[in-house]
Every structure is written in structure tokens, then in C-alpha cells.
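Below are my notes on the ligand site and on one residue of a strand beside it. Please read them with the model open.

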Amino acid sequence: MAENKNTQLMEKIVSLAKRRGFIFQSSEIYGGINGFWDYGPYGARMKRAVEQLWWREMVETRDNVEGLDSTIICHPKVWKASGHLDQFSDEMCDCRECKARHRVDQMENPEVCPNCGSKDLTEPREFNLMMKTFVGPVFDEDHAAYLRAETCQPIFVDFHNVRVAARQKLPFGIAQIGKAFRNEINPRNFTFRSREFTQMEMEFFCDEAEGMEWYEYWKGQRIKYYREKLGFTDDFMKIHDHEKLAHYAKAALDIEVKFPFGWGELEGVHHRGTWDMSRHQEFSGQDMQYMDHDNKRKVMPTVIETSVGLDRTILALLCNAYDEDTAETQKEGKATDVRTVLRFPALVAPVQIAVLPLSKKLSESAKELYNDLNRHFRSEFDVTGSIGKRYRRQDEIGTPFCITYDFESAEDNSVTVRHRDSMQQERVNVTQLRSYIEERIGY
Ligand code: GAP
């Protein structure tokens with residue numbers, strides 16, 4: 001029963017995301033392409049807002065973190081050094097009966113096809129997840145290259161370039177936002193597991209002796225960010241400490257959130273030891289160590305990583321925000337109406353304020369107000385349909401504040417601010433409006 005309800009909920013979220021222009025299938029008119037998603041007007045706005053928030057939190061407000069924007073295609077040796085070319089693979093098997101392909105690690109019983117129950121399965125085989133391409137006019141193995149499977153590898157490779165240019169000393173971090181590609185065998189759960197996605201990663205370089213301290217620090221910072229900026233509460237988010245660690249790792253955890261299809265990883269915080277830098281030293285033949293002039297010694301930097309998917313963040317925000325209410329709607333005089341509402345935090349809502357003239361006759365003055373507010377907030381102007389319908393439309397895209405410009409407004413220089421969640425209305429003087437909204441957004 002509960003599973004059924006959760007499937008329905010997920011279907012509603014996917015359908016709303018498409019209808020309201022958040023996310024839809026890539027290449028839909030050609031039947032779509034599995035594991036690839038396009039962001040429509042509101043999705044694109046929101047993605048940009050989350051990126052900016054993350055960048056501000058992780059780079060701009062910190063003197064000890066620098067930004068990087070590297071290429072998607074790197075020298076193929078980067079992926080040899082990182083281990084991706086040899087080890088970044090999933091074990092798969094095929095059902096000879098129904099032809100379904102399964103990841104062995106996700107099968108409850110690896111001897112039985114979860115799709116049709118047949119026991120006629122092929123032997124497990126390894127599938128590499130790196131996306132391959134060719135650089136230059138000749139399409140042979142000598143010209144093969146790969147789309148990056150994670151954004152962090154170029155950060156390791158560029159460590160000295162960034163350090164010298166930014167005059168940084170250990171400890172410091174390098175952050176990057178960008179596309180990553182994985183030839184996932186089973187893309188699923190909407191955008192949760194895609195083949196093209198955006199990562200936001202930060203690699204913090206420090207002395208080995210301080211590794212655990214920084215690991216705890218970044219863990220705390222990231223949890224605080226989700227609580228305070230994205231509004232994730234403890235019933236929606238949990239920490240999963242890894243018991244089984246990669247051989248080089250000292251500690252690792254996932255920040256998981258409760259999607260309708262179950263708990264899923266949103267972000268990883270990893271203590272990667274000196275593995276990455278040592279590997280790049282070994283494969284490039286370059287000295288990747290840091291000269292600690294104060295103590296007159298060379299150290300191989302230890303790395304603490306925070307790594308989150310932007311697409312998964314948007315999905316988490318959508319799932320956490322989705323709500324339907326009836327009782328509240330009655331306040332606006334429609335007893336039987338079910339209101340669909342996305343309760344996004346105002347900080348990342350695609351539209352933060354909507355200016356709604358009560359009548360078309362008021363459009364000109366209301367538009368002036370909109371133009372003014374639009375310089376400070378993500379804003380929308382809407383004059384089409386009854387005011388009730390316009391409120392509902394804004395509820396569905398998660399706009400926290402609707403500003404109604406009515407016939408009194410020109411006279412008393414005030415507008416009505418209607419709050420999405422409480423549906424309470426307040427009269428606010430236009431001269432106070434900007435600070436009133438800023439305060440409530442929580443910049
Ligand atoms: N550099 C470490 C790293 O890439 P990961 O756990 O493989 O670690 C980090 O990925 C984050 O990237 C995940 O927590 C998730 O948010 C996102 N991610 C990974 N694979 C993804 C996929 N196929 N589709 C969407 N997001 C993905």
C-alpha cells in the first residue's frame with residue numbers, strides 16, 4: 001500500500017515537473033533518450049539559484065577555497081591514474097528469457113531475474129561506465145578520450161597551478177561545478193541516476209595529521225547548509241557512515257534524503273587520504289607534493305572531499321516541497337479545492353515573487369513595481385485569469401510571495417503580500433517591500 005502511494009507521489013512530481021516546465025525528457029519528440037533530462041524555464045532558474053547558493057557558501061564566503069572551471073575532456077591518463085579506466089565498472093547480467101539487463105549488486109537474489117523470475121541468466125560481466133569519444137580526425141584507440149566521470153579529478157591535476165596562482169598555503173580547498181558523465185546501465189528514478197549530470201565538488205587539501213579534524217569540520221558545514229539553506233529536517237535527511245571503506249579512504253559518509261522511492265544518497269563527504277595526489281604523481285611523473293616552508297618538509301596533501309549532485313539536489317528539493325492541502329484552501333473560499341503546492345525555501349524558489357495586478361486596468365502601475373522588484377528578486381508578472389487561479393499557478397511552482405496590486409494601491413502606495421504556505425495576507429507599504437521580502441527570504 002505505502003509503496004503504491006509513494007509510486008503515485010513520484011508520478012505526480014514527475015508530471016508536475018513536466019507540466020510546469022521544471023524538467024522534461026531530452027529529445028522527447030524523438031522518443032526520448034534514456035538517462036538524459038532537460039531543464040525548462042523554472043528548472044533552469046532553480047538550477048542556477050542552487051549553483052549560486054552552493055558557490056557562495058563554498059567559495060565566495062571563504063578565503064581558503066578557490067574556484068576552478070576545467071574541461072570535460074582531459075588527458076586519458078587522468079582516468080588511468082584515478083582508476084576509472086580499470087575499475088569504474090558495474091557487474092551486469094542478462095536474462096536470456098526476457099532480455100532484461102540487471103546490475104548484480106542490486107539484485108536481491110543474483111540467481112533469479114527480478115523482472116520475470118527466470119533462472120536463465122548469463123554469467124556476470126563487467127561494464128565500464130566511462131563515456132568514450134575520439135579527439136581529432138582519426139577514430140582509433142590512440143585518439144580515444146573520455147568525458148569526465150567526476151569533476152574532482154581535474155582539481156587534483158590542477159592543484160599546483162591553482163595553488164601558485166591564488167598564493168594559497170595548505171590547508172585550502174578547490175571547488176568546481178560542472179557536468180559529469182556516466183554510462184549508467186540502469187538510469188532510473190527520474191533524474192536520480194542519469195547519464196549526464198552536474199556535480200558540485202570541493203576538494204580540501206591539508207596535512208595528513210589534520211585530516212580527521214577537517215573531515216569533521218566539512219561534515220558539519222554540509223549538514224548545516226542543508227538544514228539552514230535548503231530547509232531539510234531530520235525526518236527528511238540522515239547521515240550514513242560507511243562501514244566498508246575504499247582501501248585508501250580513512251572515513252566516508254553519505255548525506256541521504258528521503259525520496260518517494262526510498263532513502264538515496266545526495267552527497268558524499270570523503271576522507272580520501274593521500275591516494276589521489278599520490279596516484280597523479282605516479283602516473284604523471286610530476287611532484288605533486290607541497291613544500292611546507294614553515295616546517296621545512298614536503299608533504300603529500302591529504303584530501304577531504306564534499307561531493308553533491310546538482311540534479312539530485314533539485315530532485316530532493318522537489319520531493320521535499322511537494323504538498324497537497326485542502327484545509328488551507330478553504331481560507332480562499334474553495335472548500336472542495338485541493339491545492340498543489342511546492343513549499344520551496346524562498347532562497348532557491350525559481351520565482352521568489354509574483355506581481356499580480358487585480359485588474360488589467362492596473363497593469364501599467366503594477367508593471368512598474370514588477371520592473372523595480374525584478375532587479376532584486378527572481379520575479380514574475382501575471383495578469384491572466386482570476387486572482388484565485390493566479391495564486392494556484394504560483395503555488396504550483398512554489399512562489400513564496402504573491403504581491404497583489406489593487407485599486408487602493410495607487411492611493412495608499414501599499415500592496416497585499418500573500419504568503420504561499422499560510423495563505424495569510426498582509427498590507428505592506430511599497431517603500432518597505434524590498435526589505436520586507438529580503439528579511440523573509442533570509443539572504
Ligand atoms: N568524486 C566523488 C564522486 O563522484 P559519487 O558518490 O560517485 O562520488 C557524488 O558521486 C554525487 O554525484 C552523488 O552523491 C550524487 O549526488 C551525484 N551522482 C553520482 N552519480 C550520479 C548519477 N548517475 N546521476 C545523478 N547524480 C549522480
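1. Strands here are DSSP runs of E of at least two residues, numbered from the N terminus. On that basis threonine 306 sits in strand β16. Please keep in mind that this is a predicted model.

2. Threonine 306 has 1% relative accessibility. Buried means under 20%, so threonine 306 counts as buried. Leaving aside residues up to four places away in sequence, threonine 306 touches Met58, Met200, Glu201, Met202, Trp218, Arg222, Glu267 and Gly268.

3. Strand β16 spans 302–309 and supplies at least two residues of the shell around the ligand. The strands β10 (196–206) and β13 (262–273) each do likewise.

4. The ligand is surrounded by 20 residues. Glu150, Arg182, Glu201, Glu265 and Leu266 are the closest. Sorted by class, the shell holds 10 charged, five polar and five nonpolar residues.

5. In arginine 182, a side-chain N or O atom is 2.8 Å from an oxygen atom of the ligand. For glutamine 199, a polar side-chain atom lies 3.0 Å from a ligand oxygen. Glutamate 305 has a side-chain N or O atom 2.9 Å from a nitrogen atom of the ligand.

6. How much of the ligand's accessible area does the protein cover? On its own the ligand has 550 Å² of accessible area, and the protein covers 91% of that.

Key: Residues are numbered from 1 along each chain as its sequence is written. This is a predicted model: local features need pLDDT of at least 70, side-chain atom pairs count only at pLDDT 80 or more; totals for chains, interfaces and linings use all residues. Side-chain values use heavy atoms; hydrogens and water are left out. A residue is near a molecule or strand if one of its heavy atoms lies within 4 Å of it. A polar contact is a pair of N or O atoms within 3.5 Å; within protein, one must be able to donate a hydrogen and the other to accept it, and residues adjacent in sequence count only if both atoms are side-chain atoms. Accessible areas come from the Shrake-Rupley method with a 1.4 Å probe; for residues, only the protein chains shown count as cover. Helices (H or I, at least four residues) and strands (E, at least two) are DSSP runs, numbered from the N terminus. Ala, Val, Leu, Ile, Met, Phe, Trp, Tyr, Cys and Pro count as nonpolar, Asp, Glu, Lys and Arg as charged, and the others, Gly among them, as polar. Buried means under 20% relative accessible area, exposed over 50%, partly exposed in between (1.4 Å probe, protein chains only). Contact means heavy atoms within 4.5 Å.
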